[in-house]
Amino acid sequence: MPDDAQLLADEAKYCSFGDTVHYVEHPNIFAHCEGSYMYDTAGKSYLDLQMWYSAVNFGYGNERLNNVLKRQIDTLPQTASQYLHPTKIQLAKVIAEDMKSKFGLDGRVHFNVGGSQSIEDSLKLVRNATHGKSLMFAFEGGYHGRTLGASSITSSYRYRRRYGHFGDRAQFIPFPYPFRRPKGMTAEEYGEHCVNEFARLFETEYNGVWDPKVGESEYAAFYVEPIQGTGGYVVPPRNFFKGIKKVLDQYGILLVVDEVQMGFYRTGKLWSIEHFGVTPDILVFAKSLTNGLNPLGGLWAREELINPTIFPPGSTHSTFASNPLGTALGLEVMQMLKETDYETMVMAKGAHFLEGLKDLQKRHKEIGDVDGLGLALRAEICTDDGFTPNKALLDKMVEIGLSGDLDWKGKKMGLILDVGGYYKNVITLAPSLHITTEEIDQGLALLDQLITRAKNA
């Protein structure tokens with residue numbers, strides 16, 4: 001194995017930088033992972049508090065899931081996606097029956113190889129069901145992927161800038177951001193205000209989205225993340241989505257829920273939308289369905305949108321969709337979730353972690369806001385006024401964490417963080433759902449070190 005210096009030199013020469021993110025000047029090279037930790041080539045440990053953007057909810061090297069993958073490799077490792085195999089059918093049934101039990105709707109499951117690709121399929125499904133309507137609503141701060149269709153409903157222009165004109169770009173609607181809400185409003189009043197601003201678009205034909213003479217909207221669907229991921233783990237007021245859904249139902253617009261990052265008990269529920277008391281028309285999932293061991297995602301849609309009469313064979317297709325390695329893993333994940341009370345476990349761990357973040361906030365005025373739901377947590381880094389975004393300070397924290405030079409009980413170790421938020425000043429925390437209380441406390445102590453060192457750097 002070449003040493004790190006040689007590998008980094010080769011990466012600089014031979015690798016496209018377009019498929020990765022270089023957060024620091026000298027990127028780390030990791031050689032091993034286990035539980036909540038990554039290990040570099042020298043064997044140094046790094047506590048991971050973002051778990052591959054929430055793709056590894058059940059911990060690195062999860063023995064139960066790894067063994068399923070190994071067994072499947074020795075039985076049916078691959079088959080073309082036009083052929084059926086048992087775990088595809090079983091996994092679809094488990095997800096569809098769970099949706100029926102929660103939302104009271106019959107529906108079907110459609111697979112693809114990841115989050116962006118499943119978003120693409122959902123766009124086709126929506127266009128097909130609405131007679132070719134190609135315009136969507138989406139949220140400011142929302143992120144749905146970087147394929148062309150997914151980029152069109154992702155609010156950041158930087159993901160589209162170099163790729164020509166996006167004629168079907170979504171209309172982006174403000175998402176309630178409680179920490180930065182207008183002064184004098186409660187969070188609930190702010191949520192209601194945001195709903196009313198959206199509803200205003202339908203008041204007259206001159207608001208631009210609705211023809212009252214024929215009772216038809218120009219827009220087909222609203223794509224939502226119940227809790228914004230890349231946008232900074234922003235948790236909206238609990239009344240917000242009920243208000244939005246009421247408007248959508250009134251004007252015949254579909255609700256498409258993106259659970260790619262927040263699904264599979266990240267927030268203490270299988271789907272984060274369950275916290276908000278509304279029913280989706282389409283729900284997209286990926287990432288932790290296979291604990292990051294195999295790229296598999298998909299969508300659930302209600303029967304009227306996806307039955308074989310309206311969405312027949314070949315409507316969309318991917319060579320590796322519903323691959324047996326992925327569906328076997330997904331089926332085992334769903335069985336694992338059934339056997340353990342993840343809701344109670346995640347909510348208790350999340351409450352402990354959030355309490356620790358609040359304690360850090362008391363000791364560091366640069367932590368302007370902490371919030372979260374389950375083990376989807378946020379800490380917004382600001383200047384010493386506690387409000388002005390401070391990207392530079394968080395960048396220093398990330399760099400120090402990845403340097404592997406933090407002190408823990410006489411040893412050096414590192415801390416892996418993810419950066420999010422509108423101003424790239426938010427630590428988005430997505431630890432393993434199996435993280436221990438001791439590891440949470442370790443993470444909090446390391447965060448304390450990080451921010452102290454970064455302020456003094």
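Reader: At roughly what angle do the axes of H4 and H10 cross?

Author: In this predicted model, the axes of H4 and H10 come within 8 Å. Their crossing is left-handed. The angle between the axes is roughly 35°.

Reader: How many residues in the contact of H4 with H10 are charged?

Author: On the H4 side the contact includes Thr-87, Lys-88, Gln-90 and Leu-91, and on the H10 side it includes Pro-324, Thr-327 and Ala-328. The residues divide into seven nonpolar and four polar, and the number that are charged is one.

Reader: Is the crossing of H3 and H10 left-handed or right-handed?

Author: The axes of H3 (residues 63–75) and H10 (residues 324–339) come within 9 Å and cross at roughly 145°. Among the residues in contact are Arg-64, Leu-65 and Val-68 of H3, with Leu-325, Leu-329 and Glu-332 of H10. The contact holds 10 nonpolar, two polar and three charged residues. As to its hand, the crossing of H3 and H10 is right-handed.

Reader: Is Asp-98 buried or exposed?

Author: Asp-98 is part of helix H4 (residues 86–103). Leaving out residues up to four places away in sequence, Asp-98 touches Leu-270 and Trp-271. Its relative accessibility is 18%, and buried means under 20%. Asp-98 therefore counts as buried.

Reader: Within what arc do the buried residues of H7 fall?

Author: An α-helix has 3.6 residues a turn, so residues three or four places apart point the same way. In H7 (residues 187–199), the buried residues are Ala-187, Tyr-190, Gly-191, Cys-194, Val-195 and Phe-198. Seen down the axis of H7, these residues line one face of the helix, because they fall within an arc of 140°.

Reader: Which helix do the buried residues of H7 pack against?

Author: The partners of these buried residues include strand S5 (135–139), strand S6 (171–173) and strand S9 (219–224). The helix they pack against is H8 (240–250).

Reader: What span from first C-alpha to last does H11 reach?

Author: Helix H11 (residues 342–363) has 22 residues, for which 32 Å is expected at 1.5 Å a residue. The span reached is close to that expectation, at 32 Å.

Reader: Why do the buried residues of H11 line one face of the helix?

Author: The buried residues of H11 include Tyr-342, Val-346, Lys-349, Phe-353 and Leu-357. What covers the buried residues includes H10, strand S13 (367–373) and helix H13 (437–456). Seen down the axis of H11, the buried residues line one face because they fall within an arc of 165°.

Key: Residues numbered from 1 in each chain as written. Predicted model: local features only at pLDDT ≥ 70, side-chain atom pairs only at ≥ 80, totals over all residues. Heavy atoms only, no water. Axes fitted to C-alpha atoms, helices over the stretch in contact; angles between N-to-C directions. Helix = DSSP H or I, 4+ residues; strand = E, 2+ residues; numbered from the N terminus. Left-handed = near helix turned anticlockwise from the far one by under 90°. Contact = heavy atoms within 4.5 Å. Nonpolar A, V, L, I, M, F, W, Y, C, P; charged D, E, K, R; others polar. Expected span 1.5 Å × (residues − 1). Buried < 20%, exposed > 50% of the residue type's maximum accessible area, 1.4 Å probe, protein only. Arc of directions from axis to C-beta.
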